[in-house]
Protein chains: 4
Amino acid sequence: MKDVHATSPRHGRLSLRQVGVTGIKKPLHVRRAGRVITLSASFRVVVDLPSTRKGSDLSRNAELLAEVVDRTAHRPVASLEEACSTIARELLVRHPSASESRVVASADYFLPRGIDPSRESLEDFRLFAEARASRGAAGRVSVARSIGAEAVGMTACPCAMETCREQLAKEFPDLARRELDRLPMISHNQRNRTRLTMDLPEGADVEADRLIEAIEGAQSSPTFAILKRGDEAKVVIAAHRNPKFVEDVLRDLLASLPKLFPKLPDTTGLRAETTSEESIHKYDVVAEHRTTLGELRKNAGA
Amino acid sequence: MKDVHATSPRHGRLSLRQVGVTGIKKPLHVRRAGRVITLSASFRVVVDLPSTRKGSDLSRNAELLAEVVDRTAHRPVASLEEACSTIARELLVRHPSASESRVVASADYFLPRGIDPSRESLEDFRLFAEARASRGAAGRVSVARSIGAEAVGMTACPCAMETCREQLAKEFPDLARRELDRLPMISHNQRNRTRLTMDLPEGADVEADRLIEAIEGAQSSPTFAILKRGDEAKVVIAAHRNPKFVEDVLRDLLASLPKLFPKLPDTTGLRAETTSEESIHKYDVVAEHRTTLGELRKNAGA
Amino acid sequence: MKDVHATSPRHGRLSLRQVGVTGIKKPLHVRRAGRVITLSASFRVVVDLPSTRKGSDLSRNAELLAEVVDRTAHRPVASLEEACSTIARELLVRHPSASESRVVASADYFLPRGIDPSRESLEDFRLFAEARASRGAAGRVSVARSIGAEAVGMTACPCAMETCREQLAKEFPDLARRELDRLPMISHNQRNRTRLTMDLPEGADVEADRLIEAIEGAQSSPTFAILKRGDEAKVVIAAHRNPKFVEDVLRDLLASLPKLFPKLPDTTGLRAETTSEESIHKYDVVAEHRTTLGELRKNAGA
Amino acid sequence: MKDVHATSPRHGRLSLRQVGVTGIKKPLHVRRAGRVITLSASFRVVVDLPSTRKGSDLSRNAELLAEVVDRTAHRPVASLEEACSTIARELLVRHPSASESRVVASADYFLPRGIDPSRESLEDFRLFAEARASRGAAGRVSVARSIGAEAVGMTACPCAMETCREQLAKEFPDLARRELDRLPMISHNQRNRTRLTMDLPEGADVEADRLIEAIEGAQSSPTFAILKRGDEAKVVIAAHRNPKFVEDVLRDLLASLPKLFPKLPDTTGLRAETTSEESIHKYDVVAEHRTTLGELRKNAGA
C-alpha cells in the first residue's frame, strides 16, 4: 500500500510543532488511597512533524492511547499525569521521526467534603495533567510533567463590605460604630473558580488532592453540597469574616505553597488563575500569575 | 438532473415532524426607538416532511433565510420575532408538501443600564424568538409566535439571612435583638439568570425590553457593569433588603405580569425559568413554571 | 430556628411546576455484564411546590442524591435510570407537600468498538435518563422513566453523489455510464450525531447498549477510534455504499425498532433526533420525530 | 471613603501579572468598506498589579471599556484591534501603578460568500484581537497588537483516497487502473476549522478579510451556505481534487503568506492552528505551528 504520509510535502522546509488528535475520551482507572477510581478523561496527543514528511501517522496516537488507557481497567495507574507521561514517552518510540511529543488530559474528579462528618458527600473538582517528552542528545528522552487542579469555592468582597459599613453608619447614626464593626458586614459574595498548575521537575511528585486543599484554603470559604439550615449560616459567617478579592485569593494561594510543599525543588513552576463570577456584575473578575516555588520562598523568607 | 429528495423513501409511511437546518448565524438589522441595531442572531429553520418524500429541500431554507435576513441591511425589520414570522410563513410557500414550519432564533441584545445616569453603559441580555406556521383548512396559513428574553441579576438568600441573624444573636448576647433586626443581615448572594417567554396570540405584540424590565424587577437587585465604590454598597444593601429564593423570583415575576401587560389577552402563554448560581454550593438552584396570563389574572383578582 | 421555607409566599395562589437543584456531578457505580463501571453523571433533581409554601427544602435534594449515588460505590445500581427512579420516588417521601418529582441525568458512556477484534478499543457515547414520580389517588406513587443514548457516526449524502455522477459523466463522455454506476461515487460525508430516547411503560426495561446499536445501524457507517490505513478505505467505501440524508437516518432508525424491541409494549414513547455536521456547509442539518412503538408497528405491518 | 484597594496586601512582595475583568460583551461599531458594521464582541481587560497594592481598581476597566466601545455608536472605529489598542493604552493612564495592560477581544464576523454571485449570502467567521501596552523607560508606552481570524471550510483526506483506489482496483479488476486514476476518488471529508493570528509590529496593519481569504485558500474547499443541487457537486469535486491532511492545510496556509503580505516586516509573528472534525472518527485531528514571516520568506526563497 502506498504510504501517503511518508511522501514529501509540497513545501519542503516547513516542519510543524504539533500534529495529532484531540477530544478522545476514555475511562482511566487510577489507584487512590487503597481504592481504584475511574476518571472520565479527555486527551490531546500530539507530536512534531519534520519538514521531510507530508503527514504524521495519527492512527498510532489513537492506538497507543487505547493500549495505555484501556489496560488500566486491569492494571490501574498511579495518576492522570503518570498516564500522560507513559503515553508521551512511548509516542517518541512509535513516531521515530518526531523529536517532541505532548499529551494533555483533563477529567472530573470527586473528593468527599462536608461541613462536618455527618454531612459528607462526594463533590466535584477538575484535574489537569500534561506531559512533554523530548528526544535529546544521543537519543535520550526526557519527560517534563505538569499537574493541575481546579476547585470552586466562595469569595466575599472586602471593599463592598467597608462601603456598606460606612453607608449603614450614616443611616443609623444611633448605632455605635463599635457595634457595626463587631458584626460581620454584608457584601457581595459569589462563586470563585481557582486553578493551580505545577510544572514538576523530574523525580518530584505531588498529589492532586494537595493542590485542591491549597486552593480551598485560599478562598473566603469552601462550598458544600449538603448544607442544612444552620450550616448555611456557618459558611456565610465564615466567608464574611474572611473577605477576599481575587487578588487576595491568588496571593494567599501562592504564599501558602512553600509551607505546603517543603520538599519540592525551587525550580517547580507555578501557574495560578482565579475567577470570581461576581454577583453584582454580569461579567467575571480574574487574576493570573506565573512564578516558581523558589521565587515564593525568597519572598516568604524576606 | 435527478431529484433524489423527491423520490419515495424506503419506509413509505413515516412522516417526520421536523427537518431542516440549524446553527446558521446572520447579522439581523432591527429598528429600535429611532435607531437601527444589529443583532448577531443564530437560527434554526425546519419544516415537517410527508411520508411520500425521501428528503426535504434544505437549500431552500438557507436561501430563504439569506433573502429575509440579509436584506434587513437595507430594510430593517421591527423585531427578531417578525423576522422569524416572515420566514416561517414563506417556508410553507417554498415547501409545498410541508404543512408546518418552525423558526427559532436567539441573539445577544444590549440595553443602556446604570445605577445612575452618569454610570450608564450598554449591558448584555439575550433575546429569543420563535414562529410556527401551519397550513390549515383551505390552505389558510396561521402563524403562532413567541418572544423571550433573559436577564442576569442578583439574589440574596432570605433563609441564610435568618439563620445568620439567629447565630449572631447567640454570639453577641449583649447586642439587642432590635439592633440586629434593623441592620441588613449577611447572607449568600449570587448571579441569577431568569428567562421569560410569551406565546403571543395573533395580533398581540410585546417588546423584548418590557420582558427584561419585568425580570429585573423580580430579582433581589439588577446588576450593573459600572459601579464605583459607593455604588457597590447601594446594590448590596438593596439586594439584602429584598432577599429572594428562586421561588420568589419566579412568583414575583409572574405576579407582576397582569399589571405590566394589561392589553395582552388571557390566552397569552407564559414560561418562566430562573437559575441561581449559588455562591455556597458548586451547583445551581432552579425554578420553572408554565401558565397563562388568564390564570395569573384569576390569581391576582382573587 | 425559624423555617423560612415553610412560611406563606407573598403571592398566595401560585404553585410552581419545578423547583430544585441542577448541575450536581457525581460518580455513579453501575453493574454491567459482570463488571462494575463508573459513570461521571450530572443530575437535575426537582419537585413541584404548592401555592402554600414559600420555598422548597432544597437541601433534601442534595442530601438524597448523595445518599443514593454515593452508596453505589459499595452497592452498584443496575442502571442510570434505576438511580433516577429511586431518587424520584424517595423525593416524594422527603417532600411531603410535593405531588410530582423529576430527576434528569446524563453521562459519558464507553463501549468497546473496532472495525475488527484486533482494533478494538473503548469509544465514547452519551447516556440520558429521566424519572418522574407522581403522587396519585390514595397516595399511590407511580414512576415514569425514560432512557436515552447518543452515538456519533458518519453519513454520506445520497444527493451530492447523484449530481457528482452526472457532472463526471459529462466531463468524461468516453467513460461508459456503466462504469460510473458501479463505482462508489464521491459525495460530502460528515459526523452524524443521533439520539434516541424511549419513554418506558412501568415494568418495561431496555439496555442502553441496544439503543446505541440501533443508532449505529441507521447511520451510513459507524466510526472508529483506531483505523489503520486499509481500514479507512473499508469505512469510507461502506459509507458511500450506504448514503443517507438525516431523513433516512431517522426513518431507518425508527423503522428498525419494532424488530429490535419485540417485547416492549405499543405505548412505549419514542423521540429521535439526528444532526449531520455538514462538511459542505458551516451549519448543521437536523431531523426530529416523536412517535410510539405502536405507531411504528402499524406502519411496518401495513 | 476608605480605599481598600490601595491598602498594603498581606503578602508584601507578591506582584501579580494580570488582574481584571473578563466576559464583558459590547456592540462595537466598525467602519468597513464604506459601511458601518456592528460586532457583538466579548472583551477581557487586565493590568498587572504591583506588590504594594492590595487590589486593582477594576471599576476603571469597565468604565473605560464602556467609554471607548459605547461611543463607537456615533464614531465607529477602524477595527477590533484598534479598539483593543486604544483601551490598552488608556488603561496605563488610569492605572498609574500598573506597568503592563492587556486587552483581548473576539467577535462573530460576517462576509458575503457564494459559489457564484447569484448564490451570495452573508456567512459567519470569527475575529480575534489583542493589544498589550507596556510602560517603558521614561514612561514611554509601546503597544503590541495581534489580529486573528477563523474560517470553517472542508478537507478531503488524501490517504483514504489512495487506499480506496487500491481497494476498488482489487474489487473491479476489469476496470483499467487508468479509469480509476482519472476519476476523483471517494474519501472521508469533513469540516475544517482554521485560525491564523498575526503579531503585528508597530505601524504594520492587516485587514481581517485577508486572513480569512488566506485560510479559505488553504483548505480543500471553502464551504457555502447556499448550494443548489448542481453546486454541491462542484464543491465536492473541487475538494476531492484538492485533498489535504491538516498538515497540508497548515503548511499551504503558512507558505502562502509571504506572497499575500509582501509589505509586512520579517518580524511579524504568526500562529496557525487547524482542526478537522474527522467524519470517520469521533475525535478531532489538529495541527499547530508558530513562526515568523521572516522564517517563511527564508523557506520560500530557498
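**Reading the interface and the cysteines**

Author: Let's start with area. Chain D and chain B bury about 2,600 Å² between them, and 53% of that is on carbon and sulfur atoms. Keep in mind that this is a predicted model.

Reader: How many residues of chain D are in contact with chain B?

Author: There are 27 from chain D, in contact with 27 residues of chain B.

Reader: And how many salt bridges are there between chain D and chain B?

Author: The count is eight. One of them joins the side chains of Asp108(D) and Lys25(B), at 3.3 Å from N to O.

Reader: Which element gives the most to the side of chain D that touches chain B?

Author: That's H1(D), with six residues. By residue class, this side of chain D has nine nonpolar, six polar and twelve charged residues.

Reader: Now the cysteines. How many disulfides are there over all chains?

Author: First the general idea: a disulfide is a covalent bond between the sulfur atoms of two cysteines. Here the count over all chains is zero. Take Cys157(B): the nearest cysteine sulfur belongs to Cys159(B), 5.2 Å away, whereas the cut-off for a disulfide is 2.5 Å.

Reader: Is Cys157(B) buried or exposed?

Author: Cys157(B) counts as buried because its relative accessibility is 7%, and the cut-off is under 20%. In chain D, Cys157(D) is in no disulfide either, with the sulfur of Cys159(D) the nearest at 5.2 Å. Cys157(D) is likewise buried, at 7% relative accessibility.

Technical notes. Residues numbered from 1 in each chain as written. Chains lettered and ligands numbered in written order. Predicted model: local features only at pLDDT ≥ 70, side-chain atom pairs only at ≥ 80, totals over all residues. Heavy atoms only, no water. Buried < 20%, exposed > 50% of the residue type's maximum accessible area, 1.4 Å probe, protein only. Contact = heavy atoms within 4.5 Å. Buried area = accessible area lost by both parts, 1.4 Å probe. Salt bridge = Lys/Arg side-chain N within 4 Å of Asp/Glu carboxyl O. Helix = DSSP H or I, 4+ residues; strand = E, 2+ residues; numbered from the N terminus. Nonpolar A, V, L, I, M, F, W, Y, C, P; charged D, E, K, R; others polar.
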